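Let's take a walk through a protein model together.

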Amino acid sequence: MSKCMVSPSVLAADFANIQRDIEMLNSSEADYIHIDIMDGVFVPNISFGFPVTQAINKHAKKPLDFHLMIENADKYLEECVKSGAEIITVHFEACDHLHRTIHAIKELGAKAGVALNPHTPVHVLEDIIADLDLVLIMSVNPGFGGQAFIPQTYAKLKKLKSIAEKVNPGLLIEVDGGVTTENAAQLHQSGANLLVAGSFVFKSSDPVQTIKSLKNV
Ligand code: DX5
Ligand code: ZN
């Protein structure tokens with residue numbers, strides 16, 4: 001089976017040493033760098049904003065994968081692109097006019113993704129999936145790093161994979177929350193091809209090696 005791609009989440013990085021941590025990711029086999037933006041409205045937490053993402057972008061040599069856990073995402077898409085976003089993922093639950101938002105992301109030259117919370121079924125994407133570059137399946141409730149993985153995720157990934165095979169075989173299928181080497185192989189077998197990992201990478205004694213082991217599941 002092909003290798004899984006990995007997108008370490010800087011939410012778990014040391015913000016007092018952000019340059020050092022980004023350089024560590026540059027030297028690793030990470031495929032992307034995952035950027036979690038939280039607004040304290042859509043999710044009960046605030047992460048960081050564009051002054052921080054610009055600082056990350058200054059040092060990052062990997063493509064940036066933005067995960068917007070915010071309302072009014074349309075207002076901030078251009079800022080994401082200015083901060084180097086190659087992928088912009090918005091939440092299904094936070095977008096009233098998802099089709100418009102997806103096409104606005106594409107017009108800005110980025111890849112467009114939609115994230116689903118654990119309670120949102122995959123079939124809601126049926127009429128938009130052909131337009132998407134990526135679907136992100138949340139395997140925890142968004143808002144915090146370090147939470148326990150929700151096992152129902154495997155079944156959702158399988159459903160999504162079978163829909164994608166018919167209408168969008170190149171779809172990136174990303175999974176986010178509680179990812180470790182314990183569940184990575186099963187996530188990959190269930191259909192995920194891009195794994196986000198925050199605390200598992202940054203709290204490990206050798207993050208570069210941990211990223212490598214997540215890719216080789
Ligand atoms: C959670 C974020 C995740 C988070 C994952 O709301 O979307 O990207 O950083 O953290 P871990 O891997 O620690 O669950
Ligand atoms: Zn995320």
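Start with the small molecule: ligand 1 sits in the largest pocket. Keep in mind that what you are looking at is a predicted model.

How much space lies in the largest pocket? The answer is about 300 Å³. A total of 26 residues line the largest pocket, and the closest to its centre are Phe-144, Gly-145, Gly-146, Asp-176 and Gly-177. By type, the lining residues of the largest pocket divide into 12 nonpolar, 11 polar and three charged.

Now turn to the ligand itself. Around ligand 1 you will find 20 residues, and the closest are Asp-36, Gly-143, Asp-176, Gly-198 and Ser-199. Sorted by type, this shell holds eight nonpolar, 10 polar and two charged residues. Which strands each supply at least two residues of the shell? They are strand E2 (33-38), strand E3 (64-69) and strand E8 (194-197). Of the elements, E2 gives the most to the shell around ligand 1, with three residues.

Next, look for the places where the protein backbone meets oxygen atoms of the ligand. At Gly-143, a backbone N or O atom lies 2.8 Å from an oxygen atom of ligand 1. For Gly-146, a polar backbone atom is 2.8 Å from a ligand 1 oxygen atom. Gly-198 also has a polar backbone atom 2.8 Å from an oxygen atom of ligand 1. How much of ligand 1 does the protein cover? On its own, ligand 1 has 390 Å² of accessible area, and the protein covers 99% of it.

One last stop is a detail of the backbone. Find Asn-72 in the loop between E3 and helix H3, the helix at 77-82. Asn-72 has a positive phi of about 55°, although this residue is not a glycine.

Technical notes. Residues numbered from 1 in each chain as written. Chains lettered and ligands numbered in written order. Predicted model: local features only at pLDDT ≥ 70, side-chain atom pairs only at ≥ 80, totals over all residues. Heavy atoms only, no water. Near = heavy atom within 4 Å. Polar contact = N/O pair within 3.5 Å; in protein donor to acceptor, adjacent residues only side chain to side chain. Areas by Shrake-Rupley, 256 points an atom, 1.4 Å probe, with all protein chains shown as cover. 1 Å grid on protein atoms, 1.4 Å probe; cavity = no way out; pocket = protein on both sides within 12 Å on 5 of 7 lines; lining within 4 Å. Sits in = over half its atoms within 2 Å of the grid points. Helix = DSSP H or I, 4+ residues; strand = E, 2+ residues; numbered from the N terminus. Nonpolar A, V, L, I, M, F, W, Y, C, P; charged D, E, K, R; others polar. Points joined across faces, edges and corners; volume = space filled by probe spheres on them.
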